[in-house]
Amino acid sequence: MLWASASSEETLRASYVQMADRLQLPERTEQEQDKIVGAVQHWLATHEGWLLVVDNADEMKMVWPLLPTGSTGHLLLTTRDQVVGGMEPFPVEPMDDTEGTQFLLRRAGVLRMDTDNTGSCCRTRGSSAIGG
């Protein structure tokens with residue numbers, strides 16, 4: 001699982017730089033941030049099974065060009081914006097940690113929809129699957 005803050009363009013780009021480091025991409029040491037962002041976008045377009053959470057994506061015009069292309073992974077945007085282009089909004093009510101972990105893992109295909117993994121089982125698999 002990868003996470004990015006989109007509260008501003010600067011924080012989103014900084015999140016991509018952190019992703020490049022976490023993914024150990026060769027471009028992570030580049031001086032030009034655009035090259036690092038491009039390398040992360042390329043990695044997302046050419047690898048499967050990832051989940052990218054883009055938090056606070058309230059300015060879609062700013063966020064849209066930096067989103068990954070293709071359909072090799074999963075993208076979850078959290079936004080207060082009511083208009084999100086061609087994407088289907090999916091309102092979510094507040095959840096506790098266990099419910100939230102189960103929801104994310106099921107939507108990402110890590111847990112089957114018909115299983116009821118609660119308690120420590122979910123916390124163990126969840127934190128492992130989401131990098132915790």
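Trainee: In what order do the helices and strands of the protein chain run from the N terminus on?
Mentor: The secondary structure of this predicted protein chain comes to five helices and three strands. Read from the N terminus on, these elements follow the order β-α-α-β-α-β-α-α.

Trainee: Which strands stand at the edges of the sheet?
Mentor: The three strands form an open sheet with parallel pairing, in the order S1-S2-S3. An edge strand has a single partner strand, so one side of it is left without a neighbour in the sheet, and this holds for S1 (2-5) and S3 (74-77).

Trainee: By how many degrees are neighbouring strands of this sheet turned against each other on average?
Mentor: The sheet in question is the open one with the order S1-S2-S3. With direction ignored, its neighbouring strands are turned against each other by an average of 15 degrees.

Trainee: Which residue in S2 does Trp3 stand opposite?
Mentor: S1 and S2 (residues 51-55) pair in the parallel sense over four bridges. Within S2, the residue opposite Trp3 is Val53.

Trainee: At what angle does H1 run to S1?
Mentor: Helix H1 spans residues 9-22, and it lies across both S1 and S2. Its direction relative to S1 is given by an angle of about 155 degrees.

Trainee: Is Ser15 buried or exposed?
Mentor: Ser15 lies in helix H1, and, leaving aside residues up to four places away in sequence, it touches Trp3, Ala4 and Ser5. Its relative accessible area is 4%, and because the limit for this class is under 20%, Ser15 counts as buried.

Trainee: How far apart are the axes of H1 and H2?
Mentor: H1 (residues 9-22) and H2 (residues 33-46) pack at an angle of about 65 degrees, and H1 passes H2 in a left-handed crossing. The distance between their axes is 9 Å.

Trainee: How many nonpolar residues does the contact of H1 with H2 have?
Mentor: On the H1 side the contact is made by Arg13, Ala14, Tyr16, Val17, Met19 and Ala20, and on the H2 side by Gln33, Asp34, Ile36, Val37, Val40 and Gln41. By class, two of these residues are polar and two are charged, while the number of nonpolar residues is eight.

Trainee: What is the phi of Gln24, in the loop between H1 and H2?
Mentor: Most residues other than glycine have a negative phi. Gln24, which is partly exposed with a relative accessible area of 49%, is not a glycine and yet has a positive phi, with a value of about 60 degrees.

Trainee: Where is Asn56 found?
Mentor: Asn56 is a residue other than glycine with a positive phi, near 65 degrees, and it is partly exposed, with a relative accessible area of 29%. Its place is the loop between S2 and helix H3 (60-63).

Trainee: How far apart in space are Leu104 and Leu51, C-alpha to C-alpha?
Mentor: Leu104 belongs to helix H4 (residues 97-107) and is partly exposed, with a relative accessible area of 21%. In sequence Leu104 and Leu51 are 53 residues apart, whereas in space their C-alpha to C-alpha distance is 9.2 Å.

Trainee: What share of the residues of the protein chain counts as buried?
Mentor: The protein chain exposes about 8500 Å², of which carbon and sulfur atoms supply 50%. Of its 132 residues, the share that counts as buried is 30%.

Methods: Residues numbered from 1 in each chain as written. Predicted model: local features only at pLDDT ≥ 70, side-chain atom pairs only at ≥ 80, totals over all residues. Heavy atoms only, no water. Axes fitted to C-alpha atoms, helices over the stretch in contact; angles between N-to-C directions. Helix = DSSP H or I, 4+ residues; strand = E, 2+ residues; numbered from the N terminus. Left-handed = near helix turned anticlockwise from the far one by under 90°. Contact = heavy atoms within 4.5 Å. Nonpolar A, V, L, I, M, F, W, Y, C, P; charged D, E, K, R; others polar. Buried < 20%, exposed > 50% of the residue type's maximum accessible area, 1.4 Å probe, protein only. Pairing = 2+ DSSP bridges. Areas by Shrake-Rupley, 256 points an atom, 1.4 Å probe, with all protein chains shown as cover.
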